[in-house]
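Here's a quick briefing on the charged pairs in this protein. Have the structure open as you read, and look up each pair as it comes along.

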Amino acid sequence: TLVSRSTPAALPPFPKNAPRNRLGLAEWLTEPHHPLTARVAVNRYWQMLFGRGIVATAENFGVQGSPPTHPELLDWLARAYVNSGWDTKAILKKIVLSATYRQDSKMRRDLREKDPENLLLARGSSQRLPAEMIRDTALAASGLLDDMMGGPPASPYLPGDLWRESNAMSPPYHQGALYRRSVYTVWKRTAPMPDMTVFDAPSREVCVVRRNNTSSPQQAFVLLNDVQFVEAARVLAEKALRDPDHSPEQQIRFIFRRLTAREPDANEMKLLKELLEEQLAIFQKQPDRAEKMANAGERKRDASLNVVEVAATTALAQTILNLDATIWKR
């Protein structure tokens with residue numbers, strides 16, 4: 001039987017005057033009364049902001065997928081999205097300014113048993129930042145981030161030559177444009193960036209709509225040792241040391257605010273001050289380690305600053321970068 005180019009009978013009919021090609025398919029998908037396109041889109045935006053979609057199976061809206069927890073909300077958001085002219089920025093603004101999103105994410109005692117997954121939306125979202133945002137956060141806080149839109153790809157630091165190791169016929173990896181946003185990173189399907197993979201970024205051999213979100217010791221290992229993060233911490237440390245009032249408290253406050261967007265509380269300040277003093281003592285006894293720490297990465301260090309102070313403050317910045325307050329959105 002000859003199969004013609006058409007769409008499922010369960011969905012709205014194909015526009016009569018639309019061509020039976022990709023242009024016609026796009027017109028059909030974005031037809032204002034299409035029941036799926038806008039709902040699938042706003043559900044993904046909701047998942048991005050809350051960690052879980054109104055339909056939990058963002059990759060499957062069929063009979064084998066999960067039913068929406070709030071179907072009327074999904075319908076309302078989808079209609080608002082269409083009516084706005086498919087304005088993504090407007091629908092995201094509408095969600096983040098809502099009372100639901102702006103709630104405290106702290107787990108309430110009365111909800112711990114009743115609603116551990118926050119299906120009732122009785123508290124704000126709580127989720128670890130995705131791999132790309134963690135890298136961009138470190139670069140942005142240090143001032144290294146190149147926020148140019150479009151242009152050449154980024155080829156950040158890569159240990160060894162993983163491209164050749166995964167496939168001897170591959171061309172060699174050429175490092176360059178180290179500080180561009182992570183969305184522009186060169187990505188080989190069979191050899192993804194290891195620092196991204198540790199934070200649950202999938203390989204690109206298959207399309208993945210919903211990433212798993214894990215916490216593992218390897219993630220702290222990457223934040224403390226990967227040259228991209230060590231370099232970002234060192235450049236941020238240099239900024240703190242160049243402040244006219246670079247007292248220990250001011251250094252901690254400056255770095256903490258740059259990475260977490262809030263002031264440290266009294267206990268955090270006490271612990272971090274003790275850490276800074278401890279690191280200063282260690283690096284004073286081991287100047288070779290201080291020199292190595294202060295010269296991590298391609299960005300040249302500020303030679304006018306004391307190398308021991310730079311190394312100790314870099315260790316401080318690395319610690320704050322590892323904190324829940326930095327890599328988790330609450």
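Lys273 and Glu249 join up in a salt bridge, with their closest N and O atoms 2.5 Å apart. Lys273 sits in helix 12 (residues 266–285) and Glu249 in helix 11 (residues 248–260), so this pair ties together parts that are 24 residues apart in sequence. Keep in mind that you're looking at a predicted model.

**How exposed that pair is**
- Lys273 counts as partly exposed, at 28% relative accessibility.
- Glu249 is partly exposed too, with a relative accessible area of 27%.

- Glu238 and Arg234 meet through their side chains in a salt bridge, at 3.5 Å from N to O.
- You'll find both in helix 10 (residues 227–242), four residues apart, which is about one turn of the helix.
- Glu238 is buried at 4% relative accessible area, and Arg234 is buried at 0%.

- Glu132 pairs up with Arg211 in a salt bridge, and their closest N and O atoms are 2.9 Å apart.
- Glu132 belongs to helix 6 (residues 131–142), while Arg211 is in the loop between helix 8 (194–198) and helix 9 (217–225), so the bridge ties together parts that are 79 residues apart in sequence.
- Glu132 is buried, with 17% relative accessible area, whereas Arg211 is partly exposed at 36%.

**The wider picture**
- Arg253, Arg257 and Glu263 are linked in a network of salt bridges.
- Across the whole structure, a search turns up 15 salt bridges.

Methods:
Residues are numbered from 1 along each chain as its sequence is written. This is a predicted model: local features need pLDDT of at least 70, side-chain atom pairs count only at pLDDT 80 or more; totals for chains, interfaces and linings use all residues. Side-chain values use heavy atoms; hydrogens and water are left out. A salt bridge is a side-chain nitrogen of Lys or Arg within 4 Å of a carboxyl oxygen of Asp or Glu. Helices (H or I, at least four residues) and strands (E, at least two) are DSSP runs, numbered from the N terminus. Buried means under 20% relative accessible area, exposed over 50%, partly exposed in between (1.4 Å probe, protein chains only).
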